[in-house]
Amino acid sequence: MTDLMLKYFRTKQQEVQSEKIYDSQCPYCSMQCKMQLIEQTNVTRKMYKTVGKDNPTSEGRLCIKGMNAHQHALHRDRIKQPLMKIDGEFVAVSWDRALEKIKENFLEIQQTDGHDALSVYGSASITNEEAYLLGKFARVALRTKHIDYNGRLCMGAAATGANQTFGMDRGFTNTIQEIPHTRCIILAGTNIAECQPTIMPYFERAKENGCYIIAIDPRETATTKIADLHLKNKPGTDVALANGLLKVMIEKNLIDQDFIEARTTGFEEVMNYVSSIDLEDTSEITGVPFEQLMQAATVFGQEESGMIFTARGIEQQIDGTAAVRCFLNILLATGKIGKPNSGYGAVTGQGNGQGAREHGQKADQLPGYRSIENPEHRQYIADVWGINEKDLPRKGVSAYEMFEKVNHGEITGMFVMCSNPTVSNPNANFVKNALKQLKFLVVVDLFMSDTAKYADVILPASSYLEDEGTMTNVEGRVTLREASFPLPGQVKHDWQILCEIASALGKNKFFNYQSAEEIFEELRIASRGGIADYYGITYERLRKEQGILWPCPTLNEPGTDRLFTDHFAHEDGKAKMALFPNHSEEPKPKPDRDYPLFLTTGRVMSHYLTGEQTRKSPSLAARNVEAFMEVHPQTANDYGLKEDVLVKIESKYGHIIVRSKLSETIRKDTVFVPFHWTDSQNVNRLVANQLDPYCRMPGFKVSAVRINPI
Ligand SMILES: Nc1nc2c(c(=O)[nH]1)N[C@H]1C(S)=C(S)[C@@H](COP(=O)(O)OP(=O)(O)OC[C@H]3O[C@@H](n4cnc5c(=O)[nH]c(N)nc54)[C@H](O)[C@@H]3O)O[C@H]1N2
Ligand SMILES: Nc1nc2c(c(=O)[nH]1)N[C@H]1C(S)=C(S)[C@@H](COP(=O)(O)OP(=O)(O)OC[C@H]3O[C@@H](n4cnc5c(=O)[nH]c(N)nc54)[C@H](O)[C@@H]3O)O[C@H]1N2
Ligand code: SF4
Ligand SMILES: [Mo]
């Protein structure tokens, strides 16, 4: 440093009159990187930066999204007061007025259309306390069966797959610290390098230790670059691919007979089916060369340890549950689970994608991963809540199906907390029209999102900087997000908002909490004895122990690092293998003469989900200012497309206009569009309304489209 620079920095330092540090966790992905916001006050000007903080999962790392997250939280567009639509315009009103309006309309709907006409749409980006409370709010304050959440579009297939096969769904069966020591890894439809960037060092260390990595993805991504072998399959062919791999392993006798016998059921049936498959057929269906199938199966089967990770690439399909279960068949047949350095990971998406799928905001679920249709579970939760079991509603329908019910006039009111369904749901034109049909819509958000525009009342919520609570991360580790940044304007925490509405509806005695910790104390009891048992976890322990992996049933236990070491969670202790044929009953969208190309959708590094937050962050928005369509140069040429021109993409459901981006790295029969943009760039206008029969997951990853230059 030159003298001049030194002098400059010294003076700069002296100018900083005070510095404050606020702890939090990143508002974005499931890594839940711990962070600190540093606020420097310089005379009257405040300057901010975010730095990482050490912890067992992200080890102090942050990616670019985390480093810039404060830019949206501190953005001037934050909604800071309740807003009410009057004569088509939003007007700022007091909390009292907004609550009065909500009360009037909710009561009116309950009286004229019945209790189930009100619906609740929740989120996996809220804390465990809030997700728990939202479930209770729907069932106790509103007494409706209609509650579901955005995680349905995210973890639905992974959760159902793991529940059906293992009897339990905790994203990772092992701690993240075991990854560097495994010998072979299959990454099936996951782009961790761009979607969970701070997890990458674990995989890089594995590679340094000699691990063989196999990636399955129709595109080359930053993730497939670390792979030793990339199976570049046709979109939507993962069931056939997994069945083919298992066939090879069985034929080469790379399976673990002892494990299969002692720990699983259903192998015979699976074996009989996969034995009948012709591998040339598999190669034809999947577009993966025969030799590559052999290579992948042989290495995974031969190595003494191995792990399989799945994410939305194979899961966001109308046979997503089947795809997950077929990959779990491989894990079970080779005995690579329940022991060190072998296991499964569903790479969870949202910040609280794990915890928020455990405590009752799912249509069929009660806290602790209990079932709303199980009489004992119902009685237990009714007792915890102090209500009559008969007053507890039954199960409702999934996220997208709620909009179908709106369309049919069965649901007439909706309460949306922390989600932007007009952009994130399939068949987006239909969803938008459904929202317009509602008699009354309340949206709780940080910003005037695309969905909020259709609301009658918008309530301002606190952000990750302000809202303390627990989040369960990608590992299944419950963490305490400490957050104490001052609330801007009249903003309230999501849990406070639920309590105030409940109170306005005369249900105060069930929603009388002074802090998030008080709600957590109730959640502990509600989860006690359930599959996701948090009873042994307290705020005090979380502070001391840097997070605890559930299940943790007593205060004296450390939590559970590795699952299924001697039994699975089904009653007989065994894992259930299951057969899913290569050709599913329900046909998937497939290219034809009118719509000759596959479309698949996903993410880019710098944006998050529907983009409401990241598009407000100048440092992130600058990296990708708009949506694009990735297309192979040869395909582009066939359709008369050049680089960086506007292109119209059409499916049976709608059309969008985005810019072309030519890339050799994608299959020639496939185009890719990220889903972080709205309106005429909202790719979900193209996605069909079909749903997976087991988990009701939409098929975000396969559509049939045609493309034309404009
Ligand atoms: N930067 C960023 N990070 C995020 C998010 C974000 O929006 N932006 N969102 C978070 C959330 S909520 C989630 S759920 C996760 C999602 O994380 P991922 O599931 O890893 O992300 P996606 O991009 O949706 O899909 C992963 C990959 O699947 C591939 N794929 C598409 N179709 C198929 C197919 O048919 N078969 C196979 N095998 N692969 C296919 C895509 O090309 C893509 O590279 O990321 C989390 N992290
Ligand atoms: N085509 C296609 N569609 C997809 C996917 C795909 O891969 N392809 N992926 C799906 C997946 S995996 C997911 S997870 C969904 C996500 O879909 P959404 O849930 O709709 O997406 P977000 O952008 O997270 O919406 C969150 C909203 O809540 C607001 N918000 C943020 N923090 C808070 C808070 O603390 N409190 C409150 N009240 N509001 C807050 C934000 O401003 C934003 O408007 O999208 C799904 N849709
Ligand atoms: S987006 Fe994910 S990886 Fe990046 S800082 Fe946030 S939590 Fe960490
Ligand atoms: Mo997600």
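A polar contact is taken here as a pair of N or O atoms within 3.5 Å; within protein, one atom must be able to donate a hydrogen and the other to accept it, and residues adjacent in sequence count only if both atoms are side-chain atoms. The model is predicted, so that local features need pLDDT of at least 70 and side-chain atom pairs count only at pLDDT 80 or more, whereas totals for chains, interfaces and linings use all residues. Residues are numbered from 1 along each chain as its sequence is written, chains are lettered from A and ligands numbered from 1 in the order in which they are written, and side-chain values use heavy atoms, with hydrogens and water left out.

The chain is divided into domain 1 (14-73), domain 2 (83-154 + 360-510), domain 3 (156-351) and domain 4 (597-709), with bounds from an automatic or database domain assignment. Between domain 1 and domain 4, the C-alpha centres are 32 Å apart. Contact (heavy atoms within 4.5 Å) involves 8 residues of domain 1 and 12 residues of domain 4. The two domains bury about 930 Å², 65% of it on carbon and sulfur atoms; buried area is the accessible area (1.4 Å probe) that two parts lose on being put together, summed over both. Tyr28, Ile64 and Lys65 supply 55% of the area that domain 1 buries against domain 4, more than any other three residues.

Across this interface, 7 residue pairs are in polar contact, both residues at pLDDT 80 or more. The rule finds 0 salt bridges there, a salt bridge being a side-chain nitrogen of Lys or Arg within 4 Å of a carboxyl oxygen of Asp or Glu. On the domain 1 side, the elements giving two or more residues are α2 (64-67) and α3 (69-73); helices (H or I, at least four residues) and strands (E, at least two) are DSSP runs, numbered from the N terminus.

The residues around ligand 3 (a heavy atom within 4 Å) include Cys26, Tyr28, Cys29, Cys33, Cys63 and Lys65. Ligand 2 is surrounded by 29 residues, the closest being Asn150, Ser424, Asp445, Thr610 and Asn684. An oxygen atom of ligand 2 lies 2.6 Å from a side-chain N or O atom of Asp445, and an oxygen atom of the ligand is 2.8 Å from a backbone N or O atom of Asn420.

Two backbone features remain. Trp550 and Pro551 are joined by a cis peptide bond, with omega about -5°. Pro551 is in the loop between β21 (548-549) and β22 (575-576). Tyr369, in the loop between β14 (365-366) and β15 (370-371), has a positive phi near 65°.
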